[in-house]
Amino acid sequence: MRSTSQRRIYRKILTCLLMTALSPIAYADSTDSAPLFVPQWLGAQYTFVDQNQSRIHSPYSGPLSLHPDGSTARSHTFGAYFGVALPWHLQYYFDVEMFKGEGVSNATGLAGLTNGDIIRSGVASLGKRPYVARDYLRWSFPLGGDVVPVERGQDQLPGEEATRHIEVKIGFMAVNDDFDKNRYANSTRTQFMNWSLWNNTTWDFAADTRGYTDGLMIGWIMSGWSLRYGIYRMPVEANGQALEKSLSAANGQQLELTLQPKPDGWALRFLSFYNTGNLGIYQQAIDIAQATGQPPDIHADDQPGRHKFGFGINGELPLADNGDTGLFMRAGWNDGHTESFIFTEVDRLLSGGFQLSGSHWNRSDDRLGVGIAIDGLSRIHSQYLAMGGDGFLLGDGTLHYGPEQIAEVYYSIAVINHLTITPDLQFIRNPGYNRDRGPARFAGLRAHVEF
């Protein structure tokens, strides 16, 4: 029997579809202003990933290790995206997604997991039915008369928008929709699939298990630079679906300055974050373990009001082909003393690579991507794992520490309009930061349909 929340989702979907279908102006050209009060269908997507993990050298393993005999898994994500233009520069967005399948080795054993879409899988109890991905209100207040055209897209109503404006979002959304964006390494569905290449993995941004949360984002957007601040609800427990009720008790805050003198030119983004929540401290978990003779358990040390902070830098440099060929890089650091709580278990990150347009071999819509990433842990975090402690992704029972080293190559083939097929290869040394295990090889095939 469907729950009340599921029935509410279905009613919203049907209302949006019905009003869109009945409106003759709902499919206005992307350069036209969006009609007021008319729900518009902004897009839909389906992504399929088939991925195989090789056998790995494995003298021992723990409850969260990569499977030593290899693994094969398939994932499916579906999404439908809607928006409504309102008076006074207001817009409302409502997105629904559904996930089916799983990741290789149950999506554990790595800091840089190899399929970014499995972040939406959640824990087993979440089920495989449609869920609300975004449900928020956006306000854009112009600060000048210069405008740019805005095309129809996911969470983007068609029309015009002032080049300089104040932007406010409030509601249920994904934090990384507005922060740590990168032209060449930003989407697991069309670009790199490894978590450590499409996001700054040291940034433990507030989110539920699927990657969404309630909050507020305020942006000051000017010609050549922008400044954004966001505050969001934290999960109650590590990698948990339930969110804290009070922002005063627990929250995730981030501030990002973006420098981009020309709209299609180079960009640098400087990110900082500060989380307050029900966090554990690695040293205290180790002290308790040494006193009791038991393996350390960071989850048993969780207490409210603790803090985690970090910083990141993110750059992109277009080189040719109207920006379709270019370079990217990220670097990140967090304090490493408090528990990795939300995204993944990384305290240090350095990543980079390039995208090459297929126009050089007469395939202008194809893309070749090559990226590398190095993930690292703080000394106390690695000691915790070496003593037999578990996180929410890592736990080999012990640890011979070494940085996790990742390389990924993909080739996105534009088969027909709206459909891409992408072979993907990944090679990872020291999986889960363990020199005693691996290396691991992953071969994948991704199909992505987007309207």
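## Aromatic pairs

Both Trp203 and Phe205 are buried in this predicted model. A search of the whole structure finds 18 aromatic pairs. Trp203 and Phe205 form a tilted pair, because their ring centres lie 4.6 Å apart and their planes meet at 50 degrees. Ring pairs also place these two residues in a cluster with Phe179, Trp195, Trp198 and Phe343.

The rings of Tyr401 and Tyr433 have their centres 6.0 Å apart; their planes are at 25 degrees, so this pair is stacked. Distant parts of the chain are linked by the pair, the two residues being 32 residues apart. Tyr401 belongs to the loop between α4 (379-386) and β16 (404-416), and Tyr433 to the loop between β17 (419-429) and β18 (440-450). Tyr433 is buried, with a relative accessible area of 0%, whereas Tyr401 counts as partly exposed because its relative accessibility is 29%.

## Charge over a ring

Tyr131 has the charged end of Arg210 over its ring, 4.0 Å from the ring centre.

Strands β12 (residues 303-320) and β13 (residues 325-334) run antiparallel and are joined by 10 bridges. Within this pairing, Gly310 has Asn334 in β13 as its bridge partner. The two strands form a hairpin with 4 residues between them. In the turn, Asp321 has a positive phi of about 55 degrees.

Strand β13 is also joined to β14 (residues 348-357), again in an antiparallel arrangement, by 8 bridges. Here Arg330 stands opposite Ser351 in β14.

Definitions and conventions:
Residues are numbered from 1 along each chain as its sequence is written. This is a predicted model: local features need pLDDT of at least 70, side-chain atom pairs count only at pLDDT 80 or more; totals for chains, interfaces and linings use all residues. Side-chain values use heavy atoms; hydrogens and water are left out. Rings of Phe, Tyr and Trp (its six-membered ring) pair if their centres lie within 6.5 Å; planes under 30 degrees apart count as stacked, over 60 as edge-to-face and the rest as tilted. Buried means under 20% relative accessible area, exposed over 50%, partly exposed in between (1.4 Å probe, protein chains only). A charge sits over a ring if NZ of Lys or CZ of Arg is within 6 Å of the ring centre and within 35 degrees of the ring normal. Two strands pair if DSSP finds at least two bridges between them.
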